[in-house]
Amino acid sequence: MAPSPPETPAKEHTSELTEAEIAVHWKEEEGFIPQPKFIGQANLTDPAVNERFSLEHFPECFREFGDMLTWDKYWTQTLDSSNAPFYQWFAGGKLNASYNCIDRHLAQYGNKAAVIFVGEPEGEDPVALTYNELYARVNEFALLLRDFAGLKTGDRVTIHMPMVAELPITMLACARLGIIHTVVFGGFSGEAAGRRAADSQSRVVITMDGYYRNGKMIDHLQNLDVACETAKSEGQVVDKVLIWQRYPGKVSSAKPLVPGRDFLVNEAVKPFKNKIVAPVSMPSEAPLFLMYTSGTTGRPKGCQHSTGGYMAYAAGTSKWIQDIHPTDVYWCTADIGWITGHTYIVYGPLALAGTTVIYEGVPTFPDANRLWRIAERLGVNIFHTAPTAIRQLRKLAPDGPKNFRTVFKNMTTVGEPIEPTTWHWFYETVGKGKAAVTDTWWQTETGGVVCTTKPALDKMKPGSAGPGAPGIHCVIFDENGNEIPPGSNRAGNICVRNPWPGLMQTIWGDPEKFKRQYFVKYNKNPNSKDWRDWPYFAGDGAMESADGYFRILGRIDDVINVAGHRLGTKEIESACLTVPEVAEAAVVPIMDEVRGRLPEVYVSLKPGIQPSKAIEDKVVRAIETEIGKIARPSAVRIVPDMPKTRSGKIMRRVLASISNTMEVGDITTLANPDIVEQIRLQVQGTGKVQTKAAAPEIKDFGAKSE
Ligand code: WTA
C-alpha cells in the first residue's frame, strides 16, 4: 500500500477529520479477467446490457428488473418522478414480497432447500428448510401476527433477533400481511432496540430467548425489558412480545416472562399450525421495511424501503451481480440485522428460488477454518462476506482454505474497501484463482449494490469497487458541484445522477430530512420536479479512474465504519455523556489493521474529578449499554481539556490526527493551542513519531450535509 502524496489538509470550514481523509491509498492495479467456466454459466453475459441500461434508456431499462417479479397487477408507469426526489417505482402495480419469495416457487422448487441454518455449536447438524416448509412456517406465523398479536397491514413491528432461520420466517410473515418490519441487529443493546421501536411506533416486539456466540449461550432476552422501558419512556407502549425459543420447549434465558405481555411463539402458534393465509396484495410503493442507520445527527434514522422497487432491485442485482441460480448454494456471512442481510440473505436469494445459508455464530469459532468447513460441507458455491472477516481469517490461518475442497464461483465483498493485499489472498487462496471476486459498494439507503463489476463481463480490479451497476450512473463532484473527471486522480464526493428502484423512499417520519440529507447538496433548483436536478449524495469520498472504476475512500461525515458496521460518532458521544463524571466527549475514527476503522474516545471530566481507570471503564460500559458491544472504542483517553476553536467548538480533526499519527496541521487559531502537545504526548508518548500525511487531494471533500 503506497501512502498518499503529502498534501496539507485544507478544510477550514469544518472541525472534523473524516474516514475518507485518514484513508490509506493504494496504487491503481491491473485488471483480472474472470474464468471462462464462470462466464459460461453466468446469468449476465450480454455486453449489450451497458447500452440497454444507459441514461438514454432510463427509466424504462428497469422494466427488466420489475419483470423478474410476479405481479398481482402489472404497473402502469415504470417511474413516477413527478414529486422528485420522492420517487414511485412501478407505479400502479401490486404485488406481495412473501409470495415472490415463496409461493411462486412451490410448484417447481417446493422440495428444494430455501434456507439452511447452521448453528454455532459444531455438534449441531445444519437444518434445511425446504420452500414447502418455509411456506408452512411463514403462513402459521403470519396468522399468529394477525389473529393473536392483532397486527394489520401498515403496522410496524420491531424484530430484535439473532441469526436464526426464524428471523427470515418472521420477516416474510410480516411481508405476507404488509406489516412493516424493523429488524434491529441482535448485537445492539436493549436501549438501542427500544429507541427504534419508539421511532417506528411498534406496539409489538419479536425476539428470541438466546443464541450462541463464541461458544457461549447469550441470554438475549435480558435486553427485552430495557427495550420496552426505553420505548415507553419515548412514548411507545409495547403491549405484546413474541419470543422464539432457540430450542423450542426449553428455557434458554433466565429472564422471567412478563405475564400478559410476553408470549412464547411455539405455544402461541399451536392453533395456527397447518393453516394458510392469503398474501395481501400491496401497492408497489407500500413500505416493506424500515432499516435504521446512523447518520450525522445523534438519532439513527429509519430508511424506508418500498415493496415493488426494492424487491425488483434485490432480485435483479442478486441475479446479475451475486449470480444466483436456483441450483446454487449461496452464503452471505453478513447479519440479517443490517441491510446486506435483508437484500442478500433474505429477499434477493429467495426471490430467485436460491438456497441461502444462515450461520448463527462468529467466523472464528471454534477456529479460523470454521467457515471453510461449513462451505465444504454444504457445497457453497457463492460466498459473500466483508473485508474485515477476510483480514481476520487471513491473519489467523493464512493457509487454512488450502485444506478444503471448497469450490467457489463468485465471491462478493461488501461494507468496506478491500485493499489489494487482502484482495489477492481472497482471490488466490480462498477462491483458488478460479472464482470471480466482486467488490460491491452500496449503503442502507441504496437498497442494493451501486458500484460493482458485472462479474462475467467486467475485469476485476483489486481495490476498486468497479463502475456503476446496470442503470446506475455515478459521478464525483467537488465541494462546489463541479464534476471531477475520470482519471484526474482527485477525490471528491460520490453521487448518483439518477434514481433507481432500490433507492429508499424517505426517512420514516422525516421527509424533509431525507431531502436535505441526500439531495439538497447538489441541487440547483429546489422547485424542480425533474430527477436530473436531484443527484443522490452518498456521503462517501471516492476517486474515479480513467476506465470508470470507482475507488471508495470512506465516509466524509460523522459516521465510522467499524468492521463494515456503520456507527455515528454523535451517538457514541451521547453515550459517553451519560457517565456523570464526563463533561465533554469527542469520538474520532482511527485506522485498524483488521477492522478497518475503530472509534477512539476522548473525554474531559467535570471540575474536581480525577481521571481513573474506573471512569474509563464506565465510559466503555455506557457505550455498550446505549449502543452495543460493536461500538466498543479502541481506547478511552481522559484529557485535561479538548482542543477548541475560539467559538468553543471541539476540534475533532486535531484529535483524529493525533490518534492516527498524522500531522495536526495549523492549530494557531485554537483558543487553547497548548493542549494539543499535551494530548499528543499523552497518546503517542515522548518518542518522536513519524507522522503521515492525509489522504489524496482532500480539499475536494468535506460535505457536512447537516
Ligand atoms: C461503506 C452496507 C468501500 C461506505 C451495504 C458506505 C464501502 C457505508 C463498501 C455503508 C465497499 C460499503 N467499498 N466502502 N465495497 N461498501 N462501504 O449503510 O462508507 O451499513 O457509505 O451499508 O459502508 O454502510 P451500510
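**View 1. Elements that line the second largest pocket of the predicted model.** In this predicted model, β5 (127-130), α6 (131-148) and α10 (265-268) each supply at least two residues of the lining of the second largest pocket, and α6 gives the most, with three residues. Helices (H or I, at least four residues) and strands (E, at least two) are DSSP runs, numbered from the N terminus. About 370 Å³ of space lies in this pocket, and of the 19 residues that line it, the closest to its centre are Arg137, Glu166, Trp244, Gln245 and Pro248. On a 1 Å grid over the protein atoms alone, where a 1.4 Å probe is used, a pocket is an open set of points with protein on both sides within 12 Å along at least five of seven lines, and lining residues have an atom within 4 Å of a point; the volume is the space filled by probe spheres set on the points, which are joined across faces, edges and corners. By class, the lining has 11 nonpolar, two polar and six charged residues, where Ala, Val, Leu, Ile, Met, Phe, Trp, Tyr, Cys and Pro count as nonpolar, Asp, Glu, Lys and Arg as charged, and the others, Gly among them, as polar.

View 2. Eight of the eight residues of helix α19 (residues 652-659) are buried, so the helix is largely enclosed by the rest of the structure; buried means under 20% relative accessible area, with a 1.4 Å probe and protein chains only. Among these buried residues are Arg652, Arg653, Leu655 and Ile658. The buried residues of α19 pack against α17 (569-576), β28 (582-592), β29 (596-605) and α20 (674-684), with contact taken as heavy atoms within 4.5 Å. Threonine 661, which follows α19, has a positive phi, near 45 degrees.

**View 3. Glutamine 304 in strand β15.** Glutamine 304 has its place in strand β15 (residues 301-306), and this residue is buried, with a relative accessible area of 10%. Leaving aside neighbours within four places in sequence, glutamine 304 is in contact with Pro287, Phe289, Leu290, Met504, Gln505, Thr506 and Trp508.

**Notes for all views.** Residues are numbered from 1 along each chain as its sequence is written, and side-chain values use heavy atoms, with hydrogens and water left out. Because the model is predicted, local features need pLDDT of at least 70 and side-chain atom pairs count only at pLDDT 80 or more, while totals for chains, interfaces and linings use all residues.

Definitions and conventions:
Buried means under 20% relative accessible area, exposed over 50%, partly exposed in between (1.4 Å probe, protein chains only).
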